[in-house]
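Please look through the sequence and the structure shown here before reading on.

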Amino acid sequence: MKVSHSNRTESIAEAIQYKHDGYFVARGILERDRVEQVLSEMHQLVFQQLNHLRLPASGQKGGGKLHTDLQTLFTGNLNAYLATLTLCAKLASLYDLYMDNRVRQFVASIGIGLPVFQTAPVMHMMSESLKVPGGYHGLGVHQDWPTLQGGLDTVTLWMPFVDVDRNLFPLELLPGSHLAGLYPYSRSNHIFEVDPGDYDAAKFIHVEAAPGDIVFMSSFTLHRTSTSGDDRLRVATSWRYENGAEPHFVARAYPFAQRRTVVSELITPDFPTVEQVRGAF
């Protein structure tokens, strides 16, 4: 594909803005209908669990209906609800969005020369009626880098699947905060939370975004999820692009702060039977 001079100039300006502010909102970088199709597949996973558990389902797809079906699953079987959210973040169609050529071009423009993926996408599903006891519902101020500890130019991609306004748990971030490096933090249940004395809370901005937009954010940028929300459902995901060629990453022998384990025993006792295996073929 031939790239015009104007497109190249725009790309350079976007990269400069990203490096200066520590974030960039790429408006309409993806087609809205593609993003909504992935949301529809997420809804299908919810449908399947409701049908299996013999819980009432709306039988229709759409933002409001998804919220209703999630509430039914949440109250009917919390473990199934959590497992469904985990699987939503593993849809192949979701990976396709994050690996779209336009996304790859942007991360290349900000210096990610050799992309690697050490983590999977993460699901961010929030509403006032879907608060998991002791779970995620609006995180305090933090940086992403301590949970990875890889390349210094690692970028987080945050993608909404519904229209996110100021009153729907928007992403909040502090422009330019990435240039101060790693902030002192304390370990809480879910994050490495930065001490409130080390930043000016009044300087945080709200990021309003729509399906098709992606927020690119340095792993050192201070950010949080707003706890300001109404009775609507907010659906978003995030993923990290790391740079396999970042010099400090190379010099430190490609560190990774997370560990993967395999369950040694069968999750479902006496499963599968020979007949069940043959039935799959």
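In which sense do S1 and S9 pair, and over how many bridges? S1 and S9 pair in the antiparallel sense, over four bridges, where two strands are said to pair if DSSP finds at least two bridges between them.

## The model and its confidence

This is a predicted model, in which local features need a pLDDT of at least 70 and side-chain atom pairs count only at pLDDT 80 or more, whereas totals for chains, interfaces and linings use all residues. Residues are numbered from 1 along each chain as its sequence is written, and side-chain values use heavy atoms, with hydrogens and water left out.

The protein averages a pLDDT of 92, and 93% of the residues score at least 70; pLDDT is the predictor's confidence in each residue, on a scale from 0 to 100. Over residues 1-5 the pLDDT is below 50, and this stretch has two contacts in the model beyond near neighbours in sequence, a contact being heavy atoms within 4.5 Å.

Helices (H or I, at least four residues) and strands (E, at least two) are DSSP runs, numbered from the N terminus. Strand S9 covers residues 214-218, and five of its five residues are buried, where buried means under 20% relative accessible area, exposed over 50% and partly exposed in between, with a 1.4 Å probe and protein chains only. In a regular strand the side chains alternate between the two faces of the sheet. In S9, Ile-214, Phe-216 and Ser-218 point one way, while Val-215 and Met-217 point the other way.

Val-215 in S9 is the bridge partner of Trp-158.

## Nonpolar cores

A nonpolar core is a set of buried Ala, Val, Leu, Ile, Met, Phe, Trp, Tyr and Cys residues joined through side-chain atoms within 4.5 Å. The largest one here has 60 residues, and those with the most contacts inside it include Met-42, Phe-161, Phe-216 and Val-235. Helix H2 (residues 32-52) gives the largest share of this core, seven residues. Leaving aside neighbours within four places in sequence, Met-42 is in contact with Cys-88, Leu-91, Met-123, Phe-161, Val-235 and Thr-237.

Apart from this core lies another, of seven residues, among them Val-141, Tyr-183, Val-194 and Phe-204. Arg-224 lies over the face of Phe-204, at 4.3 Å from the ring centre; a charge sits over a ring if NZ of Lys or CZ of Arg is within 6 Å of the ring centre and within 35 degrees of the ring normal.

## Aromatic pairs

The structure holds 13 aromatic pairs. Rings of Phe, Tyr and Trp (its six-membered ring) pair if their centres lie within 6.5 Å, and planes under 30 degrees apart count as stacked, over 60 as edge-to-face and the rest as tilted. Phe-24 and Phe-106 are stacked, at 5.4 Å centre to centre with 15° between the planes, and they link strand S1 with helix H6 across 82 residues.

Phe-117 and Tyr-241 are edge-to-face, at 4.8 Å centre to centre with 85° between the planes. Phe-117 counts as partly exposed because its relative accessible area is 30%, whereas Tyr-241, at 0%, counts as buried.

## A loop residue

Gln-149 lies in the loop between strand S3 (122-126) and strand S4 (155-160). Gln-149 and Tyr-254 are 105 residues apart in sequence and 9.2 Å apart in space, C-alpha to C-alpha.
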